[in-house]
Amino acid sequence: MGSSTEQAEAGTQGGEAGCGGETARAVARIGEQPRPPAALSPSRAGDFMQCPLLYRFRVIDRLPEKPSAAATRGTVVHAVLERLFDAPAAERTAVGARAMVPGEWEKLLAKRPELAELFAQDTEGEHLAQWLAEAETLVERWFSLEDPTRLEPADRELYVETVLDSGLRLRGFIDRVDVAPTGEVRIVDYKTGKAPRPQFAEGALFQMKFYALVMWRLRGVVPRRLQLVYLGSGDVVTYDPGEADLRAVERKLLALWEAIQLATATGDWRPRPTKLCGWCDHQAHCPEFGGTPPVYPLQVRPAEDGRVPQGRMGDI
């Protein structure tokens, strides 16, 4: 699932919109000396846009979060879809892929023993069996959306990192990269949730455009297609980006990074209440729920006059 510096940013909160991804790479650096953010990834950018205080809790304070059954299931499904391509094309079958699920769960549990608490009360094993069956169903549904016998990915679980001219470092993991004989690039991301309604699709597309921007800067070629595969609903969403799209994403990321740097320097991390607050593990530390954040671990300076407080960033 990737074991590089991206793990440092990850938490375990969230649903199963992402199949594996950063939310499944658990808090590897909790307890280390806090330091200012050094790079931006799609998930952490999403955290800041959702709630600056959540970003602080995850990236700077590195507060622990409870394992999520949904996100963990996504990790297992993701591992199956990644490793399925280790087999020859003719052996990439739905039956074989389903059979991989229990083994990938055992491998993950060996790496992260704390995940056993997800089924601590499951003395009869019924919940675990149902959970594994749901993962198997998601894996099998993928075969109705793509044909792995006709695919030979150029990269799987690809770690990418680049530094923009501004000095902003971008990084992340791409689920799959396909390269056509003509050189055209397709970026594919698996989602174990359902496809969002069109008015809520921009978040997932932002993540894909982020990856496309990084790939463009790394390889000098704009990806021909971005593809989101939603295993929960059986939908495939595609988008063909252009240079103008990616330049707009770059501008947005630069503005976002400026806001993050300002918040880091001043210690001004404001909560942004939404319906998603009900899923947050950090309510005990959040002022919106009567909590008190931990003592800010970095040095601060007063905000400059005239700067817009980052907690109300408007269009970012």
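## Cavities

On a 1 Å grid over the protein atoms alone, a cavity is a set of points where a 1.4 Å probe fits but cannot get out. Grid points are joined across faces, edges and corners, and a volume is the space filled by probe spheres set on the points. With that in hand, this predicted model holds 3 cavities of 30 Å³ or more. The largest cavity has a volume of about 140 Å³. Its lining, meaning residues with an atom within 4 Å of a point, comprises 16 residues, and the closest to the cavity centre are Cys51, Leu54, Cys277, Cys280 and Cys286.

By class, that lining has 11 nonpolar, 3 polar and 2 charged residues. Here Ala, Val, Leu, Ile, Met, Phe, Trp, Tyr, Cys and Pro count as nonpolar, Asp, Glu, Lys and Arg as charged, and the others, Gly among them, as polar. Helix H2 (residues 52-60) gives the most to the lining of the largest cavity, with 3 residues.

## Ground rules

This is a predicted model in which local features need pLDDT of at least 70 and side-chain atom pairs count only at pLDDT 80 or more, while totals for chains, interfaces and linings use all residues. Residues are numbered from 1 along each chain as its sequence is written, and side-chain values use heavy atoms, with hydrogens and water left out.

## The cysteines

A disulfide is taken as a pair of cysteine sulfur atoms within 2.5 Å, and the count by this rule comes to 0 disulfides. For Cys280, the nearest cysteine sulfur is that of Cys277, 6.8 Å away. For Cys286, the nearest is that of Cys51, at 6.2 Å. Cys286 is also buried, with a relative accessible area of 10%; buried means under 20% relative accessible area, exposed over 50%, and partly exposed in between (1.4 Å probe, protein chains only).

## Overall fold

The protein has 7 helices and 5 strands, where helices (H or I, at least four residues) and strands (E, at least two) are DSSP runs numbered from the N terminus. From the N terminus on, the elements run α-α-α-α-α-β-β-β-α-β-β-α. Buried residues make up 47% of the 316 residues. Counting contacts (heavy atoms within 4.5 Å) between residues at least 6 apart in sequence, 71% join residues at least 24 apart.

Helix H7 (residues 243-266) has 24 residues and reaches 35 Å from its first C-alpha to its last, close to the 34 Å expected at 1.5 Å a residue. That expected span is 1.5 Å times one less than the number of residues. Just after H7, Gly267 takes a positive phi of about 75°.

## A buried strand residue

Val229 sits in strand S4 (residues 225-230) and is buried at 0% relative accessibility. Leu145 is 84 residues from Val229 in sequence, yet 7.8 Å from it in space, C-alpha to C-alpha. Not counting residues up to four places away in sequence, Val229 touches Trp142, Leu145, Glu146, Val188, Asp189, Tyr190, Lys191, Asp235 and Val236.

## Two positive phi values

Most residues other than glycine have a negative phi. Arg62, which is not a glycine, has a positive phi of about 55°. Arg62 lies in the loop between H2 and helix H3 (69-83), and is buried with a relative accessible area of 6%.

Glu157 also has a positive phi, near 45°. Glu157 is found in strand S1 (residues 155-163) and counts as buried at 8% relative accessibility.

Conventions
On a 1 Å grid over the protein atoms alone, a cavity is a set of points where a 1.4 Å probe fits but cannot get out, and a pocket is an open set with protein on both sides within 12 Å along at least five of seven lines; lining residues have an atom within 4 Å of a point.
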